Amino acid sequence: IRDRPMAQSMLVPSEAANERTNRTRSNNVARVRRFLEVRAASVFPDKVLVVCQEKLESELRKGQLPHNLEIAHFNAIRGRNEWQNVALIILIGRTEPSPSDVEKIARALFGAEVKQIWPDDKGGVRYTPIRRGARLRGGRGIAMEGHHHPDPRAEAVRWSICEAELLQAIGRARGVNRTESSPLQIDIVTNVVLPIEIDEVTTWEALQPTALDMMRFAGAVPVVYADMATAYPDLFKTAEAARKAFDRLKPRNPGQTPIDRFLIGLCPGFRSCSYRRVGMRGPERVLIYDANKVDPAGWLRAKFGDVKISLG
């Protein structure tokens with residue numbers, strides 16, 4: 001992603017932060033969790049490895065994670081081979097010490113004084129911003145903002161802790177040993193530029209799962225807006241909210257295919273069944289579902305009570 005480093009201060013609640021800040025951070029952890037759920041489902045049942053900051057790992061472990069997902073943290077993965085066959089590796093954030101810590105390490109390591117970054121007008125000590133180019137496959141570059149220390153020895157220390165640790169994490173999946181029959185997908189969810197070719201640059205917002213993604217992950221998608229809102233109140237407060245969410249998908253439906261066929265096309269491998277809620281007038285309604293995850297009869301009764309079901 002090109003728009004943010006996914007720093008620990010964005011993702012992990014702390015006692016030092018106020019209630020509003022911690023609420024925002026907790027919401028960001030929830031967004032990370034939703035992203036991981038959907039990405040893990042995209043390669044299920046193959047394995048996924050997530051590497052992130054240790055404190056974010058602790059936050060994510062407080063909730064249920066997908067069964068095919070394993071999680072580890074930076075600086076605890078060196079030399080490990082148990083993830084050499086994962087289908088997908090996801091890096092979230094990076095390790096980057098403060099400028100003063102980098103300067104202390106550089107002084108001790110090189111036995112010499114290094115240039116110091118002094119506080120700015122607001123008292124903050126920050127790395128010098130620098131533009132770097134992310135190299136796309138095919139030769140084109142994308143300019144991205146990054147961090148840089150003006151002293152070359154301190155910068156070497158910073159790079160070895162930050163960029164080199166990301167490369168170390170990517171190496172756990174042993175991409176160099178892969179063949180055409182065992183490809184490796186790599187998601188780098190930070191704006192740190194690495195010396196590798198990439199296929200796509202995007203943003204954190206663009207990675208967020210849609211409501212359809214979340215229902216697809218759950219394994220059941222009603223095709224009536226009112227039933228979407230009833231089944232997934234955390235996604236849609238009302239039927240109108242569900243309708244508006246699906247209006248955003250209209251560019252992907254230029255022929256105005258009926259919504260049930262349209263959704264089946266967006267949910268490959270899903271089956272469909274018809275159902276009628278007790279007391280409901282009009283035609284039967286349709287549920288599309290993943291038979292590997294959902295028993296349609298049990299799911300419909302859990303969500304809507306007594307229903308009559310016609311399996312396709």
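Buried residues account for 44% of the 312 residues in the protein. The model is predicted. Twelve helices and ten strands make up its secondary structure. The C-alpha trace spans about 80 × 50 × 35 Å along its principal axes. Among contacts between residues at least 6 apart in sequence, 64% link residues at least 24 apart.

Strand 8 (residues 271–277) and strand 10 run antiparallel and are joined by five bridges. Within this part of the sheet, R276 has K308 of strand 10 as its bridge partner.

A helix pair was examined next. Two packed helices are described by the angle between their axes and by the distance between those axes. For helix 5 (residues 152–161) and helix 6 (residues 163–171), the axes come within 3 Å. They cross at roughly 25°. This crossing angle is under 35 degrees, so helix 5 and helix 6 are roughly parallel to each other. Helix 5 contributes R158, W159, S160 and I161 to the contact. Helix 6 contributes E163, A164, E165 and L167. By class, the contact has four nonpolar, three charged and one polar residue.

The loop between strand 5 (141–148) and helix 5 holds H149. The relative accessible area of H149 is 0%. The cut-off for burial is under 20%, and H149 is therefore buried. The side chain of H149 reaches the backbone nitrogen of D151 at 3.1 Å. Neighbours within four places in sequence aside, H149 is in contact with P99, E103, K115, I117, Y127, A154 and E155. Among these contacts, A154 and E155 fall within the residue range of helix 5, 152–161.

Definitions and conventions
Residues numbered from 1 in each chain as written. Predicted model: local features only at pLDDT ≥ 70, side-chain atom pairs only at ≥ 80, totals over all residues. Heavy atoms only, no water. Axes fitted to C-alpha atoms, helices over the stretch in contact; angles between N-to-C directions. Helix = DSSP H or I, 4+ residues; strand = E, 2+ residues; numbered from the N terminus. Parallel < 35°, antiparallel > 145°, perpendicular 65-115°, else oblique. Contact = heavy atoms within 4.5 Å. Nonpolar A, V, L, I, M, F, W, Y, C, P; charged D, E, K, R; others polar. Pairing = 2+ DSSP bridges. Buried < 20%, exposed > 50% of the residue type's maximum accessible area, 1.4 Å probe, protein only. Polar contact = N/O pair within 3.5 Å; in protein donor to acceptor, adjacent residues only side chain to side chain.
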